[in-house]
Number of protein chains: 4
Amino acid sequence: MSEFLNQLDTPDLEAMGIHGWPYGYSDQVRFHELDPLNHVNNASYLSWFENVRIRYFQYYGLSSYGQGDDDPQIVVRQQSVDYLAPMFQDERYVVTARTRLLKTSSLIMDYAVHSGGAVRASGSAVLVSLEQDGTARRPHKDAAIKRILATDGAERA
Amino acid sequence: MSEFLNQLDTPDLEAMGIHGWPYGYSDQVRFHELDPLNHVNNASYLSWFENVRIRYFQYYGLSSYGQGDDDPQIVVRQQSVDYLAPMFQDERYVVTARTRLLKTSSLIMDYAVHSGGAVRASGSAVLVSLEQDGTARRPHKDAAIKRILATDGAERA
Amino acid sequence: MSEFLNQLDTPDLEAMGIHGWPYGYSDQVRFHELDPLNHVNNASYLSWFENVRIRYFQYYGLSSYGQGDDDPQIVVRQQSVDYLAPMFQDERYVVTARTRLLKTSSLIMDYAVHSGGAVRASGSAVLVSLEQDGTARRPHKDAAIKRILATDGAERA
Amino acid sequence: MSEFLNQLDTPDLEAMGIHGWPYGYSDQVRFHELDPLNHVNNASYLSWFENVRIRYFQYYGLSSYGQGDDDPQIVVRQQSVDYLAPMFQDERYVVTARTRLLKTSSLIMDYAVHSGGAVRASGSAVLVSLEQDGTARRPHKDAAIKRILATDGAERA
């Protein structure tokens with residue numbers, strides 16, 4: 001069993017009819033994520049992408065988020081979200097993540113929110129790996145690179 | 001299966017060593033709930049209490065949160081929290097709820113956050129049941145009253 | 001005096017050395033917007049863009065946010081953020097907004113967060129104007145169109 | 001001029017008709033603080049109390065929030081909120097704070113949210129001053145004690 005609640009890997013996702021994604025987790029919309037339009041607020045999707053990204057980094061070994069010297073500090077340099085359909089209170093969903101492009105000390109990831117057999121929102125992020133002091137780039141760990149290339153089919157640049 | 005993710009009833013909670021609580025759910029600390037002290041921020045506990053309260057109201061039939069005429073609007077009149085120990089990233093926890101005192105159109109609930117065999121935070125709330133227009137009190141539904149008295153051992157006033 | 005706290009128009013912004021932006025407001029970083037890295041969390045910037053957008057819509061007359069029939073429902077279809085430099089507790093900043101492209105029932109806006117003479121984050125959003133029931137497009141109000149074209153120098157498409 | 005935006009001291013507050021409070025700030029309700037009931041969400045009030053508390057601590061010299069060794073870590077041990085009337089989008093308000101009881105290494109504070117000549121919410125918090133490592137109590141700084149006793153009329157225990 002994973003240390004992450006409701007974590008999903010490729011076979012789990014395939015069994016749910018979600019194809020092309022190596023990693024995700026399932027959750028349910030909470031009241032405090034809604035806004036006066038009765039929809040999930042636009043900013044909440046970024047917190048879901050953040051959740052799946054942090055779990056993904058730990059799962060693939062890019063960072064343990066221990067904030068020790070053996071870990072990089074990985075920061076978001078750019079991100080975008082497409083809002084495809086509104087989401088509602090108590091709605092069950094799956095957030096998925098994968099790496100699209102892997103460079104020496106950065107990566108581009110894609111995200112999606114799935115519910116009711118459709119994608120409700122999709123996003124992408126440009127992430128940069130820094131030393132803990134934030135001043136210089138730090139290359140990704142070899143083991144993490146191998147795993148991402150093997151599992152996600154990420155392009156190498 | 002419940003429509004609520006990770007929902008827990010009395011036998012589930014007893015099996016986890018959590019006694020005296022009829023209802024709860026399990027979850028895990030998210031990054032956006034932390035503050036610069038690396039702890040869960042104080043305000044986040046209120047969102048957890050809100051989550052368990054809304055699920056509890058639906059489960060016990062006090063309100064379906066449909067915002068239709070057959071539902072009351074239940075508002076928080078007062079609440080308090082005791083912070084007993086800090087909580088950290090990825091920590092697994094259980095939030096529990098019960099009704100302590102049930103009046104005609106109001107109730108007092110207790111909440112607790114359990115982790116690692118201890119209570120990390122506890123709280124209580126005074127809740128008032130109103131008509132949908134918010135101007136007058138609306139008595140609780142009979143079926144919900146019966147269920148709360150039977151399951152929670154709530155005092156009747 | 002405006003009904004909006006700390007609202008800034010073109011002359012105000014010019015006086016602060018912020019050029020090319022017709023509208024904005026000033027604010028200060030709050031503790032609950034920070035995350036464990038001691039920076040403003042990535043999702044918080046979207047709430048700032050939302051703040052300035054809602055004020056802008058009211059100020060320019062696109063929507064009064066009254067949720068009555070005389071107002072459209074304006075939804076975010078896509079948005080992106082560039083994070084250029086981290087921001088810290090109590091940091092003073094100005095958020096600015098302008099319309100770049102104005103179509104019959106949609107628009108593209110740009111946003112920026114200014115602090116210490118530099119841009120800390122920039123963003124853009126694609127917004128769609130709908131009827132209150134959310135099913136059909138609703139054209140922008142004429143008065144708002146005139147004002148946006150005159151003040152923002154938006155392109156018309 | 002203060003480094004804090006919209007900060008208010010006793011004469012400012014008196015001039016606004018808010019009596020008995022030594023410190024506060026003014027602000028305006030934001031869209032992301034609302035929930036589907038169109039009211040300010042209950043948890044948001046705790047963030048406002050946190051904002052005024054952190055500013056108060058810096059203003060009175062209890063902590064500079066520098067997280068250096070010359071500062072205590074001040075944690076919330078208990079807090080409560082009374083919700084007296086709902087608050088709405090764009091509503092202007094003032095949040096005030098004062099110390100009611102001052103002990104060697106703890107204090108009890110009161111808070112209130114004022115709008116339209118009435119108190120919309122009130123609260124109190126029990127705060128404990130710890131060493132930066134969080135293990136032992138640290139007595140308050142003398143200068144801060146003198147200032148709180150003189151300005152707030154706090155009881156000494």
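1. Contact between chains B and C. In this predicted model, eight residues of chain B are in contact with eight residues of chain C. Sorted by class, the side of chain B that touches chain C is made up of four nonpolar residues, three polar residues and one charged residue.

2. Relation of chains A and C. Chain C is superposed on chain A by a rotation of 180° with 0.0 Å of shift along its axis, and the RMSD of that superposition is 0.0 Å. That is the relation of a two-fold axis. Within chain C, the C-alpha nearest the axis belongs to C:Ser80, at 2.0 Å from it. The same surface serves both copies, since 100% of the contact residues of chain C recur in chain A.

3. Make-up of the contact between chains A and C. Chain C brings 13 residues to this contact, and chain A likewise brings 13 residues. On the side of chain C that touches chain A, helix H2 (42-60) and strand E3 (73-83) of chain C each supply at least two residues, and E3(C) gives the most, with eight residues. By class, that side of chain C has five nonpolar, five polar and three charged residues.

4. Strand pairing across the contact. Strand E3 (residues 73-83) of chain A is joined to E3(C) by five bridges, and the two strands run antiparallel. As an example to look up in the structure, A:Asp82 has C:Gln78 as its bridge partner in E3(C).

5. Backbone of C:Asn38. A reader checking the backbone may wish to look at C:Asn38, whose phi is near 70°, a positive value in a residue other than glycine. This residue, C:Asn38, lies in the loop between strand E2 (23-28) and H2 of chain C. C:Asn38 counts as partly exposed because 14 C-beta neighbours fall inside 10 Å, whereas a buried residue would need 20 or more and an exposed one 12 or fewer.

6. Backbone of D:Asn38. What is the phi of D:Asn38, and in which loop does D:Asn38 have its place? Its phi is near 70°, again a positive value in a residue other than glycine, and the place of D:Asn38 is in the loop between strand E2 (23-28) and helix H2 (42-60) of chain D. With 14 other C-beta atoms within 10 Å, D:Asn38 is partly exposed.

Definitions and conventions: Residues are numbered from 1 along each chain as its sequence is written. Chains are lettered from A and ligands numbered from 1 in the order in which they are written. This is a predicted model: local features need pLDDT of at least 70, side-chain atom pairs count only at pLDDT 80 or more; totals for chains, interfaces and linings use all residues. Two residues are in contact if their C-beta atoms, placed from the backbone, lie within 7 Å. Ala, Val, Leu, Ile, Met, Phe, Trp, Tyr, Cys and Pro count as nonpolar, Asp, Glu, Lys and Arg as charged, and the others, Gly among them, as polar. Copies are superposed by least squares on the C-alpha atoms of residues with pLDDT of at least 70 in both. Helices (H or I, at least four residues) and strands (E, at least two) are DSSP runs, numbered from the N terminus. Two strands pair if DSSP finds at least two bridges between them.
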